[in-house]
Amino acid sequence: MNRRLLVAVLLIGLHVFVGVTLISDLALGLFGSVLAWGYLVLSAVLMRYGVLVRGAGSALLAWSGLLAMGIFSSLAIFALLRAFALVLASLLGWESAAIAQGSALAVLVAVAAVTLFGVLNARRTARVVVRDIGLRDLPPALEGFSIVQLSDIHVGPTIKQGYIDAIVRRANGLSPDLIVITGDLVDGSVADLADDIAPLAQLSARHGTYVVTGNHEYYSGADSWIAEFERLGMAVLLNRHVQLEHDGARLVLAGIADYSAELFRPSHRSDPIAAFAGAPYGVPRLLLAHQPRSAKAAVEAGCDLQLSGHTHGGQFWPWMHFVRWQQPWVAGLQRVGAMQIYISRGTGYWGPPLRFGAPSEITRVRLVRAV
């Protein structure tokens with residue numbers, strides 16, 4: 001059985017499970033039950049579109065398909081938890097029609113609450129998260145050096161120009177020394193999304209704006225997007241570094257292609273060693289790397305601080321508990337060896353327009369001298 005067929009069978013099976021375990025206990029009557037089953041059939045169809053949608057296509061279908069994904073994710077999880085609880089109640093002799101109906105209604109209320117809060121949380125402009133990060137032997141001139149990190153914006157079917165305008169205004173309002181974007185800016189082609197991403201050209205920082213590729217750039221035509229980022233005035237660090245001069249002190253800023261870039265473009269193989277080649281030691285060495293799992297190679301390259309994204313902090317419950325299956329950390333400031341790594345929860349969102357338990361962020365990093 002191929003992967004796509006397996007996913008389709010799993011999704012259909014989960015929809016059937018939700019229908020069988022919930023609808024009869026809700027006591028909706030014949031008409032209500034038919035409507036409920038009709039919704040589950042529509043959900044399965046819309047989710048198929050949600051998986052395939054990119055930057056182009058019907059906005060109504062995009063929103064419907066992606067919302068259906070988010071709603072059904074919560075519905076399936078709560079239905080599974082309810083089924084487990086009912087089995088436990090039966091074993092303890094607490095089984096009753098009242099418990100069955102009450103728990104079924106509780107599932108619907110929980111799904112509605114998570115969806116409503118999640119949409120509101122996802123669609124608001126990301127709040128500013130301030131993090132002071134201490135580096136050893138930081139030159140006095142770099143004390144308080146500020147870096148605004150944006151990550152995982154995912155301009156695409158539901159994130160458009162107005163959303164980006166608000167992010168740019170908030171980032172510029174922080175008057176940073178440097179702006180960095182740690183990948184996954186887009187979900188779609190340059191032809192479809194050029195107007196929506198255009199406000200990023202207005203990002204303003206003393207030392208400019210630097211970008212690295214994420215995995216979604218490679219799904220969307222990385223070469224075209226790299227050229228577009230450069231045209232917008234955002235320098236792309238593709239396994240290379242720059243030296244920044246700040247009030248007489250130096251800072252090395254390196255960037256690497258996405259961890260998985262080699263699968264799409266062999267010439268883009270992610271390589272921290274190459275990124276720092278020729279860079280001086282004895283000055284702060286920072287690395288932009290989309291995925292946190294680049295950290296091991298970054299340590300070997302002599303990096304002091306890695307800034308990453310990719311995880312979205314799990315985006316909405318309960319998926320933050322599964323991130324560790326692929327990445328070493330979920331979010332926040334971590335340490336590996338002598339290096340520190342900060343993982344942003346992301347400035348936008350991917351797929352379902354939901355954030356629950358993992359709010360988006362515009363990160364303001366301040367470099368301070370470690371004590």
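**A hairpin and the aromatic rings**

Tutor: In the hairpin formed by strand 10 and strand 11, 2 residues lie between the strands, and Gly337 adopts a positive phi near 60°. This is a predicted model, in which local features need pLDDT of at least 70 and side-chain atom pairs count only at pLDDT 80 or more, while totals for chains, interfaces and linings use all residues. Residues are numbered from 1 along each chain as its sequence is written, and side-chain values use heavy atoms, leaving out hydrogens and water.

Strand 10 covers residues 332-336 and strand 11 covers residues 339-343; 5 bridges pair them in the antiparallel sense. Strands are DSSP runs (E, at least two residues), numbered from the N terminus, and two of them pair if DSSP finds at least two bridges between them. Within this pairing, Gly332 stands opposite Ile343 of strand 11.

Let us turn to the aromatic rings. Trp319 is partly exposed, at 33% relative accessibility, and Phe322 is partly exposed at 34%; buried means under 20% relative accessible area, exposed over 50%, and partly exposed in between (1.4 Å probe, protein chains only). Phe322 also pairs with Trp325: their centres are 5.1 Å apart and their planes meet at 85°, so this pair is edge-to-face. Trp325 itself is exposed, with a relative accessible area of 71%.

Terms used: Helices (H or I, at least four residues) and strands (E, at least two) are DSSP runs, numbered from the N terminus. Rings of Phe, Tyr and Trp (its six-membered ring) pair if their centres lie within 6.5 Å; planes under 30 degrees apart count as stacked, over 60 as edge-to-face and the rest as tilted.
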